[in-house]
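Work through the two exercises below with the sequence and the model at hand. Try each task before reading its solution.

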Amino acid sequence: MAKLFRAAIMGPPGSGKGTISQRIAQSFGLQYLSSGHYLRESIAANTEAGVLVRTYVERSMLVPDHVMTRLMLPRLEHLIGHSWLLDGFPRTLSQAQALSNLCQLDLVISLNIPYETLKERLSDRWIHPASGRVYNMGFNPPRVQGKDDITGEPLIQHDDDKPEALMARLRHYKDVAKPVINLYKSQGILHSFSGTDTDRIWPYINSLLSTKMHMQPSDSFQTQTP
Ligand SMILES: Nc1nc2c(ncn2[C@@H]2O[C@H](COP(=O)(O)OP(=O)(O)O)[C@@H](O)[C@H]2O)c(=O)[nH]1
Ligand SMILES: Nc1ncnc2c1ncn2[C@@H]1O[C@H](COP(=O)(O)OP(=O)(O)O)[C@@H](O)[C@H]1O
């Protein structure tokens, strides 16, 4: 039985978390859980939680920790027998502590991307709301302008992706993420990647995950059998 692998990816808005997470999910068969996607799903479904979180998400404010934990932990308990990758959770120290009550992470990827790059990327970001698929007019345009490649449904832009909203989101992200990054650094599981181009960062992440996932104790056990 291969050991389970649990990872998280952290980074400011526009840093490429969603893009890199999709590549990781495809290359390594991990379940991909995006907190932003679940929040938008509950908003679109107009659930009781959705009505509550809408006011925060629309202002790019952090949703209260107990709401996020209640949204994410049951999904993780449901996946307790699987390997997965978390995007956008935990975002605060108390969320990280709530997660550690359920399970320990094996690896955390942290993306450090310059402000100008974030601003440029977000202004060109288009999203298919239902699936969370992400496009970029410069980097990965849809086959048909404004339409999702799989469903043909219209793509949208998020209000808070406008440049004037980015500075505040970025400062807030850094203030909140710093203690979480320090926590995982102290646990020796944080791996940081800097740069302006996902395609240049990806090979390093790919080889890191290959090493970490294929060097699990169960593998080493197999080599010990006579
Ligand atoms: N030009 C460019 N755009 C990128 C690159 N990597 C991701 N993007 C695009 O930049 C936007 C932000 O990426 P995304 O994965 O959504 O970042 P997230 O907010 O951290 O999840 C999206 O439109 C991506 O398609 C890159 O290396 N170059
Ligand atoms: N773990 C979380 N804790 C609190 N709020 C969150 C969390 N994840 C997402 N959010 C809220 O939902 C919004 C959208 O999240 P996301 O799609 O990850 O966008 P971004 O990466 O730009 O913050 C965030 O700006 C924040 O308001």
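**Exercise 1.** Find how many cavities of 30 Å³ or more the structure holds.

*Solution.* Step 1: a cavity is a set of points on a 1 Å grid over the protein atoms alone where a 1.4 Å probe fits but cannot get out. The structure holds one of 30 Å³ or more. This is a predicted model, in which local features need pLDDT of at least 70, side-chain atom pairs count only at pLDDT 80 or more, and totals for chains, interfaces and linings use all residues. Residues are numbered from 1 along each chain as its sequence is written, and side-chain values use heavy atoms, without hydrogens and water.

Step 1: the volume of the largest cavity is about 80 Å³.

Step 2: list the lining, meaning residues with an atom within 4 Å of a point. Among them are Ala8, Ile9, Met10, Tyr173 and Ala177.

Step 3: sort the lining by element. Strand 1 gives the largest share, three residues, and helix 7 (163-186) supplies at least two.

**Exercise 2.** Decide whether Ser15 is buried or exposed, and find what surrounds it.

*Solution.* Step 1: locate Ser15 in the loop between strand 1 (6-10) and helix 1 (17-28).

Step 1: a polar atom of the Ser15 side chain lies 2.6 Å from the backbone oxygen of Pro12.

Step 2: leaving aside neighbours within four places in sequence, Ser15 is in contact (heavy atoms within 4.5 Å) with Leu111, Ile113, Leu118 and Arg121.

Notes: Chains are lettered from A and ligands numbered from 1 in the order in which they are written. Helices (H or I, at least four residues) and strands (E, at least two) are DSSP runs, numbered from the N terminus. A polar contact is a pair of N or O atoms within 3.5 Å; within protein, one must be able to donate a hydrogen and the other to accept it, and residues adjacent in sequence count only if both atoms are side-chain atoms. On a 1 Å grid over the protein atoms alone, a cavity is a set of points where a 1.4 Å probe fits but cannot get out, and a pocket is an open set with protein on both sides within 12 Å along at least five of seven lines; lining residues have an atom within 4 Å of a point. Grid points are joined across faces, edges and corners, and a volume is the space filled by probe spheres set on the points.
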